[in-house]
Amino acid sequence: MLGLAVLAVGSAAPAPQPQAQVMLLDEFPRDQTSLTHGTMVEAVLQSRTSVNHQRVQVPLGAQMNLIDRPEPGNLDKYIVQRFTVPTEATARALEDMHRPGVAAQSQGASESRVVASLWGAAQSKPATRAFLESELGIAAGSSDAEFLQALVHRVDEVHQSDRAIGSARQHLLRAAQSAEEAGVIRVISAGNQGDLEQLFDRLGVITSRDFYMSDMADPGAIIVGASDHRGTPERADDGPAALASPDAGALIGAQGVNVPVTVHGKTYLESGSSYAQPQISALVADWKAADPGLTRDEALQRLIALAQPVSEAEPYIGAGIIYGQ
């Protein structure tokens, strides 16, 4: 009969193979048919490994309706929530991880991501731009360069000075350290603000050194950037994806452009470091399953050994590109 092992009389059953657990941190639907970001990331993970995984709900926090309501102070409230909610939720999830495994996450809370969201809202609705101009204390009808520079300054100011944001960050750092001591290897995405970087270069907008770095990163996290294989079989033309965030701490890269994602029998082509991350998480999870004592540093050294370096691409994809193993 299929699916049944046949054992000789008196022989012992084979020892079960060790299995590492993957804790997949993201936003998931309440039902089985809806699609969310977490659903799509999960599908990539499942296509790369058979290691068991568990969903961990981590909301991103602030809703844009705070910006849609022209009430004084709502801009700062949005910024604070956009950092604190996912960071605190991630910290609480990490506190619950007490056994070896992989914590995989394709969410971020960086100044660049907050600015990109607000910039998108301002572009789509003139009334939203006017409200943000009033919140920023700049004249109505400001140029894009003036508007973006003021927005960058405000987000950075709130991020650096708000006590709730600082507290959430410290909570995550403590939780991440505790999880690492329990044998958990964190693998997270680097971000997709490459287009914003190009816009800022064109307009002369100045940012802080850590503008693209996520508050949900920690010194022990393996941060994955998005590479682009250019749709060709040759590796010589591969490099960082145009959407890849610079200086976001990426240590390694994986395909992040037109990644096939199959959910409920339908295949989508998705782009972003969100879909590069589960490829690396799956690889690390397989290693961890075979060797539960594998440390973060050992996993990173293996990844670096497998990576194909790309000249001048380190700010985007670290040591280079990891191909399907």
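The following conversation goes through some residues of a predicted model and the terms applied to them.

Visitor: Why is Asp144 called partly exposed?

Guide: Asp144 has 36% relative accessibility. Buried means under 20% and exposed means over 50%, so a value in between is called partly exposed. Asp144 therefore counts as partly exposed.

Visitor: Where does Asp144 lie, and what does it touch?

Guide: Asp144 is part of helix H6. Not counting residues up to four places away in sequence, Asp144 touches Trp119, Arg129 and Leu203.

Visitor: What makes the link between Asp144 and Arg129 a polar contact?

Guide: The side chains of Asp144 and Arg129 come to 2.9 Å. The cut-off is a pair of N or O atoms within 3.5 Å, one able to donate a hydrogen and the other to accept it, so the pair is called a polar contact.

Visitor: What else does the charged end of Arg129 do?

Guide: The charged end of Arg129 sits over the ring of Phe147, 4.6 Å from the ring centre. The distance limit for this term is 6 Å, with an angle limit of 35 degrees from the ring normal. Arg302 is described in this way too, over the face of Trp287 at 5.3 Å from the ring centre.

Visitor: Which residues of helix H5 are buried?

Guide: In helix H5, residues 126-136, the buried ones are Thr128, Arg129, Phe131, Leu132, Glu133, Glu135 and Leu136. They pack against helices H2, H3, H4 and H6. Just after H5, Gly137 takes a positive phi of about 75°.

Visitor: How do you know that Glu135 has no salt bridge?

Guide: The nearest side chain of opposite charge is Arg154, 5.3 Å away. A salt bridge needs a side-chain nitrogen of Lys or Arg within 4 Å of a carboxyl oxygen, so Glu135 is buried yet has no salt bridge.

Visitor: Which backbone atoms does the side chain of Glu135 reach?

Guide: The side chain of Glu135 reaches the backbone nitrogen of Gly73 at 3.1 Å and the backbone nitrogen of Asn74 at 3.4 Å. Leaving aside neighbours within four places in sequence, the contacts of Glu135 include Glu71, Pro72 and Arg154.

Visitor: Why is Asp218 called buried?

Guide: The relative accessibility of Asp218 is 10%. The limit for buried is under 20%, so Asp218 counts as buried. Asp218 is found in the loop between helix H8 and strand S5.

Visitor: What partner does the side chain of Asp218 have in a polar contact?

Guide: The side chain of Asp218 makes a polar contact with the side chain of Arg186, at 2.7 Å. Residues that Asp218 touches, beyond four places in sequence, also include Leu172, Leu173 and Ala176.

Visitor: How many aromatic pairs does the structure hold?

Guide: The structure holds three aromatic pairs. One of them is formed by Phe200 and Phe211, with 5.8 Å from centre to centre and 45° between the planes. This pair links Phe200 in helix H8 with Phe211 in the loop between H8 and S5.

Visitor: Why is the pair of Phe200 and Phe211 called tilted?

Guide: Planes under 30 degrees apart count as stacked and over 60 as edge-to-face, so a pair at 45° is tilted.

Visitor: What makes Phe211 and Tyr212 an edge-to-face pair?

Guide: Their planes are 90° apart and their centres 4.9 Å apart. Centres must lie within 6.5 Å and planes over 60 degrees apart, so the pair is edge-to-face. Ring pairs link Phe200, Phe211 and Tyr212 into a cluster. Phe200 and Phe211 are both buried, and Tyr212 is buried too.

Technical notes: Residues numbered from 1 in each chain as written. Predicted model: local features only at pLDDT ≥ 70, side-chain atom pairs only at ≥ 80, totals over all residues. Heavy atoms only, no water. Buried < 20%, exposed > 50% of the residue type's maximum accessible area, 1.4 Å probe, protein only. Helix = DSSP H or I, 4+ residues; strand = E, 2+ residues; numbered from the N terminus. Contact = heavy atoms within 4.5 Å. Lys, Arg positive; Asp, Glu negative; His and termini not counted. Phe/Tyr/Trp six-rings, centres within 6.5 Å; stacked < 30°, edge-to-face > 60°.
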